[in-house]
Amino acid sequence: MQGSTRRTGIMTDVHRRFLQLLMTHGVLEECDVKRLQKHCYKVHDCNATIEKLEDFINNINSVLESLYIEIKKGVTEDDGRPIYALVNLATTSISKMASDFAENELDLFRKALELIIDSDTGFASSTNILNLVDQLKGKKMRKKEAEHVLQKFVQNKWLIEKEGEFTLHGRAILEMDQYIRETYPDAVKVCNICRSLLIQGQSCETCGIRMHLPCVAKYFQSNSEPHCPHCNDYWPHEVPEVFDPEKERETGMSRSNKRSLRSRQH
Amino acid sequence: MLQKPESGALPIPQAEREMDGSHDGETQPLTASQEMSPEEDLGAVREEGASEPSLTPKGARALAAKTLARRRACRRLDRTVAELVQFLLLKDRKKSPITRSEMVKYVIGDLKDLFPEIIARAAEHLRYVFGFELKQLDRKHHTYILINKLKPIEHEEEALRGDGPRLGLLMMILGLIYMKGNSAREAQVWAMLRRLGVRPSKYHFLFGYPKRLIMEDFVQLRYLNYRRVPHTNPPECEFSWGPRSNLETSKMKVLGFVAKLHKKEPQHWPVQYREALADEADRARAGASVRARASTHLW
């Protein structure tokens with residue numbers, strides 16, 4: 001600390017355990033992150049006051065900076081939940097998956113990724129992905145096998161499946177943001193409001209601009225006559241509700257039900 | 001290779017010197033060396049030190065170039081150390097030992113003469129930032145593993161779930177059991193879950209394989225009891241609350257949960273409500289007697 005030009009955070013066992021567990025989970029929702037933080041304090045320093053989550057994470061990130069990784073915060077594209085993942089600040093980011101999957105499996109993911117990015121809805125159908133099985137690098141893969149691999153991707157939170165179609169999990173968007181922008185610079189879509197990478201969202205039927213569902217929710221909050229921010233035409237889609245963590249806790253286990261009700265709007 | 005944009009990040013050795021480099025006798029000491037001198041620019045550094053301060057533009061340019069080259073080499077070394085840390089963490093997740101040749105092949109590349117330096121610094125990061133000790137398994141074959149230095153916690157996974165989806169599912173089952181008079185037939189449990197779109201052997205994105213979660217995990221963790229109902233043909237099995245459920249929740253809490261689900265008050269079910277009240281009274285009495293016993297022990 002003496003003579004440093006920049007204040008670096010201090011790591012204690014509270015922070016180390018937090019990092020270890022966050023790494024194990026890959027990605028966590030904010031409510032689980034808060035619980036995780038509480039757990040780590042309870043185990044290692046139960047008398048300390050629990051630091052505000054934002055400061056806690058910034059502290060850890062200042063230490064992680066020299067390792068070119070950081071705890072990044074994002075938002076799920078379908079219902080605006082805050083999520084956290086430990087991401088690599090380098091560009092070659094299918095690398096994290098590389099340790100868990102074989103060459104042909106990684107190539108399947110790349111093919112699915114490309115279909116998702118090229119699509120209009122942000123979803124690629126199972127059929128279309130499986131039809132590319134013959135083009136995969138590495139060991140030959142049958143369609144039946146490929147179906148299991150796709151499920152593995154879902155299990156490991158790289159893809160989300162909805163009614164036989166696949167899109168990117170919030171984790172993949174967080175981790176591969178830079179990689180995607182660099183690899184598919186022409187096909188990539190961007191949200192008109194937050195300027196971040198957009199996979200799923202709503203689009204204006206007149207001028208074609210796109211917005212994330214949670215961005216739509218915030219932008220048009222309590223606006224009974226929503227209009228496109230770009231061309232001012234009437235906004236034709238249903239405006240979702242802004243995510244409210246308090247309301248979520250009350251209703252308990254309704255998360256899985258809510259997901260099945262959500263429909264895609266393009 | 002990593003391509004972090006210029007950010008004026010503090011050079012690693014500064015932070016490292018602050019660290020307590022203690023190692024217990026069992027582990028192979030992997031001390032971080034204090035000097036950082038990338039071989040390729042060693043010549044430049046030595047020259048820099050030996051040359052006199054030059055006032056000519058040419059001399060100043062030469063000095064600036066050497067400084068830049070040295071800084072670039074330092075940054076490259078930093079990045080390699082960072083990549084090695086990430087590589088070791090990823091490899092360790094699969095629980096297979098990591099060999100020196102793998103590290104050189106995938107990460108270190110042509111800086112392999114600086115391997116001792118690089119691995120020492122990586123080890124220090126792993127220890128300080130993550131709480132892992134990098135231990136050399138085999139001096140002859142140069143294989144390494146990571147050991148977790150943080151104290152182990154039993155059932156950490158479960159402690160973290162809190163009111164997450166898996167315990168939410170458990171609450172549904174505990175609710176059903178309680179409302180059915182403190183035991184529910186296996187068939188009834190699966191019927192209720194089917195209505196929620198949960199099938200025993202179909203992989204579920206929140207619960208994994210429900211059958212395994214309920215029949216194995218919940219039973220092993222003592223959240224549920226599972227037993228054969230006597231004199232049934234074909235044989236039927238039933239669930240009841242396990243001892244852990246009684247410790248971690250209560251009839252009143254579960255009744256409250258069920259009531260909320262149905263958007264009613266707990267009193268809507270008078271039989272269960274009375275039973276829950278009695279249970280609360282028992283718990284209060286038990287709590288009081290424990291406290292009474294404890295206070296007598298103080299003397």
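These legends walk through several close-ups of a predicted model.

Because this is a prediction, local features need pLDDT of at least 70 and side-chain atom pairs count only at pLDDT 80 or more, while totals for chains, interfaces and linings use all residues. Residues are numbered from 1 along each chain as its sequence is written, chains are lettered from A and ligands numbered from 1 in the order in which they are written, and side-chain values use heavy atoms, with hydrogens and water left out.

**View 1. The largest nonpolar core, with 52 residues.** A nonpolar core here is a set of buried Ala, Val, Leu, Ile, Met, Phe, Trp, Tyr and Cys residues joined through side-chain atoms within 4.5 Å; buried is under 20% relative accessible area, exposed is over 50%, and partly exposed is in between (1.4 Å probe, protein chains only). A:Ile71, B:Leu84 and B:Phe130 have the most contacts inside this core. Its top contributor is helix α5 (residues 115–130) of chain B, which gives 9 residues. Helices (H or I, at least four residues) and strands (E, at least two) are DSSP runs, numbered from the N terminus. Zoom in on B:Leu84 and you'll find it touching B:Met103, B:Val107, B:Ile108, B:Ile118, B:Ile119 and B:Ala122, leaving aside residues up to four places away in sequence; contact means heavy atoms within 4.5 Å. A second, separate core has 33 residues, among them A:Phe101, A:Phe153, A:Leu168 and A:Tyr184. In soluble globular proteins, nonpolar side chains tend to be buried together.

**View 2. Helices α5 and α8 of chain A crossing.** The axes of α5 (residues 103–118) and α8 (residues 170–183) of chain A come within 13 Å and cross at roughly 75°. Axes are lines fitted to C-alpha atoms, for helices over the stretch in contact, with angles from 0 to 180 degrees between N-to-C directions. So α5(A) is roughly perpendicular to α8(A); the classes are under 35 degrees for roughly parallel, over 145 for roughly antiparallel, 65 to 115 for roughly perpendicular, and oblique for the rest. On the α5(A) side, A:Phe109, A:Arg110, A:Leu113 and A:Ile117 make the contact, and α8(A) answers with A:Met176, A:Tyr179 and A:Ile180.

**View 3. A hairpin in chain A, built from β5 and β6.** Strands β5 (residues 159–162) and β6 (residues 165–168) of chain A run antiparallel and are joined by 4 bridges; strands pair if DSSP finds at least two bridges between them. One of the bridge pairs is A:Ile160 with A:Thr167 of β6(A). The hairpin has 2 residues between its strands, and A:Glu163 in the turn has a positive phi of about 50°.

View 4. At 8% relative accessibility, A:Tyr68 counts as buried. A:Asn232 also has a positive phi, about 65°, and is not a glycine, but at 55% relative accessibility A:Asn232 counts as exposed.

View 5. A:His15 is buried, with a relative accessible area of 7%. Setting aside residues up to four places away in sequence, A:His15 touches A:Ile10, A:Phe56, A:Asn59 and A:Ile60.
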